[in-house]
Amino acid sequence: MQQYKVTSDTLNIRSAPIVNDTNLIGVLPKSHIVSKIANSDDDKWFKVATILEGEILEGFVSQKLLSKITVFSINTLIEIGGISIKQADGESAIFYESGMSINADGAPNAYHPADTGIDFLANAGNPGNWWAVVVNQNGNPFIQSSTDPCPGYYISTTALFDSGFVKHDPRRYVDSTKIPYIVLPGNSEFTKLTGVKLGDFAVVYNTSNEKLAFAIYADIGPKKQIGEGSIALSHALGNDPLIRSRVRRGIPKDIVYVVFPGSGNGQPRTTSEIEAETKRLFEIWGGIERIKSL
């Protein structure tokens, strides 16, 4: 899709290529970016799609109030651990390039009392200071029962969870081995500048092998670190992170992340839902050709 930016102070987007009181579906601010879908029968209008506050809008706008974009104006919002978090003028999506360390949190076989889980127990905390497993009122980790997915293992958590399950039910959390997810820093300045929230969607691209994956923001990491994803995301990008059944192999570089603030509903989603929701956002944003241009 060809991208255009709004040249007027505001631009109405309508459900049909005609001006009346009933078909207004949104108001786009100056410099907001839209993607052209087609010309209308009336050459005064373009049919466009755009992302406004995380929601997809598709409708008609006056083409005389648009200007074709040949070069995007890019700003750096913040740097996290030496990684620049960037954003184009006129859109809410953010993007950055880094490597990818692997987060096993949420997997029912992530952590074991004898440190035989797929991740090392030190990554979950230690007695008196556990941060990645569920603990009881005395601060001791719950252990999965015979009816749970991995009896004898601790219950690993993610910041995004399904409130329909109690806190000591492994199904409450986002399973790293099944769901492609990203981790973003617990940094209040980052959150304020980007507007991103748990449950928002992302596209992740491995420039070294051109593998593309759709993901959800499901866990919070250190405030000065960015570039982390789940086991399932690593596999989707062509990297097996397990060596001798333990998480040992990340991706050192060449991973591009595009995150769409406001796109989720704050809830865990299935892999098929993540793909369906994110694929359309990605297409409107500019798709594979734009991500390669970064």
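The lining of the second largest cavity consists, by class, of three nonpolar, three polar and one charged residues. Here Ala, Val, Leu, Ile, Met, Phe, Trp, Tyr, Cys and Pro count as nonpolar, Asp, Glu, Lys and Arg as charged, and the others, Gly among them, as polar. This is a predicted model, in which local features need pLDDT of at least 70 and side-chain atom pairs count only at pLDDT 80 or more, while totals for chains, interfaces and linings use all residues. Residues are numbered from 1 along each chain as its sequence is written, and side-chain values use heavy atoms, with hydrogens and water left out.

The residues that line the second largest cavity are Val 183, Gly 221, Pro 222, Gln 225, Ile 226, Gly 227 and Glu 228. A cavity is a set of points, on a 1 Å grid over the protein atoms alone, where a 1.4 Å probe fits but cannot get out; a pocket is an open set with protein on both sides within 12 Å along at least five of seven lines; and lining residues have an atom within 4 Å of a point. The second largest cavity holds about 30 Å³ of space, where a volume is the space filled by probe spheres set on the points, and grid points are joined across faces, edges and corners.

The structure has two cavities of 30 Å³ or more. The volume of the largest cavity is about 110 Å³. Of the 14 residues that line the largest cavity, Ile 33, Thr 50, Ile 51, Glu 91 and Ile 284 lie nearest its centre. Two or more lining residues come from each of β4 (33–39), β5 (45–52) and α3; helices (H or I, at least four residues) and strands (E, at least two) are DSSP runs, numbered from the N terminus.

Helix α3 covers residues 271–285. From its first C-alpha to its last, α3 reaches 21 Å, close to the 21 Å expected at 1.5 Å a residue; the expected span is 1.5 Å times one less than the number of residues. Its buried residues (under 20% relative accessible area, with exposed over 50% and partly exposed in between, for a 1.4 Å probe and protein chains only) are Ile 274, Thr 278, Leu 281, Phe 282, Ile 284 and Trp 285. Just after α3, Gly 286 takes a positive phi of about 140°. Phe 282 and Trp 285 also belong to one aromatic cluster, together with Phe 214.

Rings of Phe, Tyr and Trp (its six-membered ring) pair if their centres lie within 6.5 Å, and planes under 30 degrees apart count as stacked, over 60 as edge-to-face and the rest as tilted. By this rule there are five aromatic pairs. The rings of Tyr 96 and Tyr 257 have centres 4.6 Å apart and planes at 10°, so this pair is stacked. Tyr 96 lies in strand β10 and Tyr 257 in strand β19 (residues 251–260), 161 residues apart. Tyr 96 is buried at 2% relative accessibility, and Tyr 257 is buried at 0%.

The open sites remain. The largest pocket has a volume of about 390 Å³ and a lining of 21 residues, of which Asn 103, Asp 105, Asn 123, Trp 131 and Glu 228 lie nearest its centre. β10 (94–103) and β15 (211–221) each supply at least two residues of this lining. The second largest pocket holds about 280 Å³ of space.
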